[in-house]
Amino acid sequence: MDFFLHLLQLLVFLLCFKQSLCFSATQAMVLPLKTETGLNSQPSNKLSFHHNVTLTVELTVGSPPQAVTMVLDTGSELPWLNCKKTQTLTSVFNPLSSSSYSRIPCSSPICQKQTRDLPNPVVCDSEKLCNVFVSYADGSSLEGNLASDTFRIGSFNKPGTLFGCMGSDSSSNPQEDAKTTGLMGMNRGSLSFVTQLGLSKFSYCISGRDSSGVLILGEGNHSWVGNMAYTPLVQMSTPLPSYDRFAYTVKLEGIKVGNKILALEKSILVPDHTGAGQTMVDSGTQFTFLLGPVYTALKNEFLVQTKGVLVPLDDPNFVFQGAMDSCFRVPANQGKLPPLPAVSLMLNGAEMVVGGELLLYRVPGMVKGGDWVYCMTFGNSDLLGTAAFVIGNHHQQNLWMEYDLAKSRLGFVETRCDSAGQRLGLDL
């Protein structure tokens, strides 16, 4: 009986995905988006880059509803919730208190799906339940069981939403992870929140002035943001060992500092035969990371153009967050940063311009002789062991970001995200 029940659930899930019956193209759900900031009192240590600053959404799960806070992550697939309290983890979902909660057995066809979060071959626990395992580039990982329950987002209910109910974890930053209940995987994988809702489009806007923002699930009406620049999403049908086919991948064609285009070999900006070197847009990563040779070229040109404007830290032993070694000293009494050359990510058909205060990030708690220490907000992905270009949420601030799955494109336009919620009728 359980087999046929879960087979029916899988068929409904696939129908929802292919026909977009679960979320109407004309229906849009507008949600407030918050930024959770984590500070570390020992800045010289390697810090978690995946969860250091996260975008969070509040919703309810289960029957009766339990309030949860989930990280919005376009770089992950399976939604998951912490289901077991620990000394540091108190914000959890209690499955025993939900009458609509259902555990997915190993015999279910859903457990056989080929995704990175479901082990292949299938792993079962002692109760013959479907095991899930998720891991991130910062070294954190979680393990639990695949389950389903009713997710409520505003007035919208989605019974039978699949998620990982996690019971054990290895975190690189327990204090930061304790602020949220789980993670909302938003990539293009078959188990992601986007796919399960049957979304053809979603958008968000991250404020650079405060901790507020807005998330729109569905089409929505936001013509007031202006004309968007679009870049195609890159599709890769052939499985490659180092390529994430479900990520929001774009084509990086060059990088410009001020008015100077960096002299880069075109081959280094495209994936190699293993798939290493793709360019991903990831809301779950804070900063932007570039492959080693590209990072070095950017770092050197930025140093040239800021000579006499910024004072380099000149400490070869200091690497912020394990990947950012282009750092500077700025007098604590200076008030604001001096004018800096903008850095433009030249994408296929669009440019993402990073300028002003978004170029440098003050290292929390670090002072050198009366000077604050600031680091450039681009890091070396080689030092993280990540063979990819990653555009993080810091460089998406004050941009209206639109993920158009129906037309397979990513759009963005500069706007005031701190006022976006007011325009959309949200009380942020």
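What you have here is a predicted model, in which local features need pLDDT of at least 70 and side-chain atom pairs count only at pLDDT 80 or more, while totals for chains, interfaces and linings use all residues. Residues are numbered from 1 along each chain as its sequence is written, and side-chain values use heavy atoms, with hydrogens and water left out.

Let's start with confidence, expressed as pLDDT (the predictor's confidence in each residue, from 0 to 100). The protein chain averages 84, and 83% of the residues score at least 70. Residues 1-26 have a pLDDT below 50, with 47 contacts beyond near neighbours in sequence; a contact means heavy atoms within 4.5 Å. Residues 38-52 also stay under 50, and for them the model has 50 contacts beyond four places in sequence. Where pLDDT is low, the predicted coordinates should not be read in detail.

Now to the residues picked out by annotation. The unreviewed UniProt entry marks Asp 73 and Asp 282 as "active site"; such annotations may be inferred rather than shown by experiment. Although spread over 210 residues of sequence, they cluster in space, with a largest C-alpha distance of 6.7 Å. Asp 73 is found in strand S3 (residues 66-73), strands being DSSP runs of E with at least two residues, and helices runs of H or I with at least four, numbered from the N terminus. Asp 282 sits in the loop that links strand S16 (279-281) to strand S17 (288-290). Asp 73 counts as buried (under 20% relative accessible area, with exposed over 50% and partly exposed in between, for a 1.4 Å probe and protein chains only), because its relative accessibility is 0%. Asp 282 is buried as well, at 8%. A polar atom of the Asp 282 side chain lies 3.2 Å from the backbone nitrogen of Gly 75.

Strands S19 (residues 327-331) and S23 (residues 371-376) pair in the antiparallel sense over five bridges, where pairing requires at least two DSSP bridges. They belong to an open sheet of four strands, ordered S18-S19-S23-S22, with antiparallel pairing. Strands S18 (311-312) and S22 (360-368) stand at the edges with a single partner strand each, so one side of each has no neighbour in the sheet. Helix H4 (residues 292-305) lies across S18, S19, S22 and S23, at about 135 degrees to S23, the angle being taken from 0 to 180 degrees between N-to-C directions of axes fitted to C-alpha atoms, for helices over the stretch in contact.

Note on methods
A polar contact is a pair of N or O atoms within 3.5 Å; within protein, one must be able to donate a hydrogen and the other to accept it, and residues adjacent in sequence count only if both atoms are side-chain atoms.
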